[in-house]
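Here is a friendly walk through the model shown below. Have the structure open and follow along, one topic at a time.

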Amino acid sequence: MHKRKGTLARGVSIIGVGCTPFGNVLESPELKDMTERELFSWAALEAMEDAGIEASEIDAFYIAHCMDEVLSHQFAAYAMVADWIGMRNKPGVHFETACSSTNTGLSLAAMAVASGVYDIVLMGGVEITGSHPQEKMPAHMREAISPGELWYRTNYGADQAYWYPGGLSVSSLCDFTCMAYAKKYGLSLEQVEEALNCASISNRRNGVRNPLALLTQQEFPEEARERGYSDLKEYMRSKYNPKMGTIMRLFNAASPVDGASAIIVCASDLAQKFRKQPVDYIGFGGATAIPYHEFEAQWEVEKSAFAQAYNMARINPYKEIDYMHVHDCMVNTHFVSTEIGGYFRPGEAWRAIIEGRTSFDGDKPISTTGGRTSMGHAWAASAGAEIVEAVRQMRGECDNRQIKPFPRVSVIQNYGHGIHVNVSVLKSQE
Amino acid sequence: MAESIIKRYYDTLGEGKLLATNCLDCEGYTFPPTTACEYCGSTDLEFIHLSGKGKLLFLSHGVAPPPNARFVDIAPYAYGHILLEEGVYVQGIVTGVKPEPEVLQEIYDRGPALVEPDIIELQGLKILAFKMV
Ligand SMILES: [Zn+2]
């Protein structure tokens, strides 16, 4: 009998992962002409191959596509992909929690398996943010969308009753959180600005080593030298990295990209059939609210998600986490969310970032994908890509950005617009 | 008869007042108003008006052109994080401030400034903004 609320009634393991390169379907040769369904199928079929499983053995699937209607001129994403991934006539559901979608989706898939209804579930997400289909044309015939238009549509996910009509400036929320952090720990704005820039430098350093991060070709020191700056700190405060608010700068913010990711979960008691050493999904938590009041670094909504996840996983975050991905569409999360999530003690993360400890080869690695600033941000697909990365790090498959020793416990935290926070905890078997 | 709370909020703003709810169970203020208390979830609420006076804790600014075309004429505008005297946090446009780096840094260094509501109208919609006093 299942006794404790907030825990899984049956163990759940990750047996397969897949992820497309993240780039631009109009420009990147690797992705040229690809459509939403083809990107999703790419990731899903790669995950099946990784697990050594046939589509016929998978019981159900979940697909996240956040901007399906407002950008991709389509809804009913489940039907769009069922045939393409060999899962015709099986249960398929579309869901979204915006940019945390494929973190949330992993929790949904796990609950479906833990309930006993299904043994094996595929979950994935897709997003094309740089273009949309030409009116009345099939999806491979696309036209670019301007950043202004993209953000206008993305902000459909912000409170449309009060906050957004009242002039909500999303980048200002990063500033407020940074200022509250500075006040709380007695830092100057210059120190916080340096922490932000060093987080962006670390993300770029990781992203250059991630073959799926198509937009990232060059580390910041090299880019600075090419533009005539011998001092990296000076470059990060130059005209090439303009301020977007009081503190936050351009390189501290996400770059929109196109891509897809997919993950296959299986009941732990059956997982050995597919993988000798699967990664177990031991905890998760989700929380949602309109966070008007959270910018004093209170973040009750985020604390709730972390607490649920750690309670289920039964881990002590201060002692047991080897790798953390935080949602870095604005890189202040590298010090705010890592502290809320117990990866650092309160007030310690900013210095660790400046000291370079959070790169892939530091003792406290964060966002080895390159993060949303350097792998890029593909709305509903990115959280899944970040979980795929954690699984690959735990398996030791990450080549020149491999964390050593391989992480045994990984935590992935994501925000979805609105806001929704989802936290997932992974653990590799002994 | 059911009444739209959102409509009532904007109608009230048109009269120069800030509509909130007071929870009869935990005495928490919910602003902007909804059908449930944000602290305890109670639906046993009464409508009240907030003064709109408070402290500007932090100041930032939006981008130009703004994602929302309603603000095209005033972008880039100063955008503040404010603690109202009733203990409610709110974010809003701050009028009468040039959002330039030196100005913003100076306001940050000076510390919390007193603000009061400056309800503005843009393209037919009343908007709760604030001004420093
Ligand atoms: Zn209450």
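## Two cis prolines

B:Pro76 sits in the loop between strand 4 (54-61) and strand 5 (78-84) of chain B. Helices and strands here are DSSP runs numbered from the N terminus, with at least four residues (H or I) for a helix and at least two (E) for a strand. The peptide bond leading from B:Ala75 into B:Pro76 is cis, with omega near -5°.

Chain A has a cis bond too: the one from A:Lys404 to A:Pro405, with omega near -10°. Look for A:Pro405 in the loop between helix 15 (379-395) and strand 10 (409-416) of chain A.

## How to read the model

This is a predicted model, where local features need pLDDT of at least 70 and side-chain atom pairs count only at pLDDT 80 or more, while totals for chains, interfaces and linings use all residues. Residues are numbered from 1 along each chain as its sequence is written, chains are lettered from A and ligands numbered from 1 in the order in which they are written, and side-chain values use heavy atoms, with hydrogens and water left out.

## Chain B at a glance

Chain B has 2 helices and 10 strands. From the N terminus on, they run α-β-β-β-β-β-β-α-β-β-β-β. The C-alpha trace spans about 50 × 30 × 25 Å along its principal axes.

Of the 133 residues in chain B, 47% are buried. Buried means under 20% relative accessible area, exposed means over 50%, and partly exposed is in between (1.4 Å probe, protein chains only).

## The zinc site

What holds the zinc ion? The SG atoms of B:Cys23, B:Cys26, B:Cys37 and B:Cys40 coordinate the zinc ion at 2.2 to 2.4 Å. Donors are N, O and S atoms within 2.8 Å of the metal (3.2 Å for Na, K and Ca), and sites may look incomplete because water is not among the atoms. The angles among the 4 donor atoms are 104 to 118°, which makes the site tetrahedral (four donors, all angles between 85 and 135 degrees).

In sequence, the donor residues are spaced C-x2-C-x10-C-x2-C. B:Cys26 lies in the loop between strand 1 (18-23) and strand 2 (29-30) of chain B, and B:Cys37 in the loop between strand 2 and strand 3 (45-50), 11 residues apart. B:Cys37 is buried at 4% relative accessible area, whereas B:Cys26 is partly exposed at 34% and B:Cys40 is partly exposed at 41%.

## Where the chains meet

The interface brings 32 residues of chain B into contact with 31 residues of chain A; contact means heavy atoms within 4.5 Å. About 2,700 Å² is buried between the two chains, and carbon and sulfur atoms give 57% of that. Buried area is the accessible area (1.4 Å probe) that two parts lose on being put together, summed over both. In chain B, B:Phe58, B:Tyr79 and B:Tyr108 lose the most area to chain A, together 23% of what that side buries.

## Two loop residues in chain A

A:Ala76 has a positive phi, near 60°, though it is not a glycine. It belongs to the loop between strand 2 (60-64) and helix 2 (77-82) of chain A, and is partly exposed at 22%.

A:Asn89 is another non-glycine with a positive phi, about 70°. Its place is the loop between helix 2 and strand 3 (92-95) of chain A. Buried or exposed? At 77% relative accessibility, A:Asn89 is exposed.

Key. Tetrahedral: all angles 85-135°; square planar, octahedral: opposite > 155°, others 65-115°.
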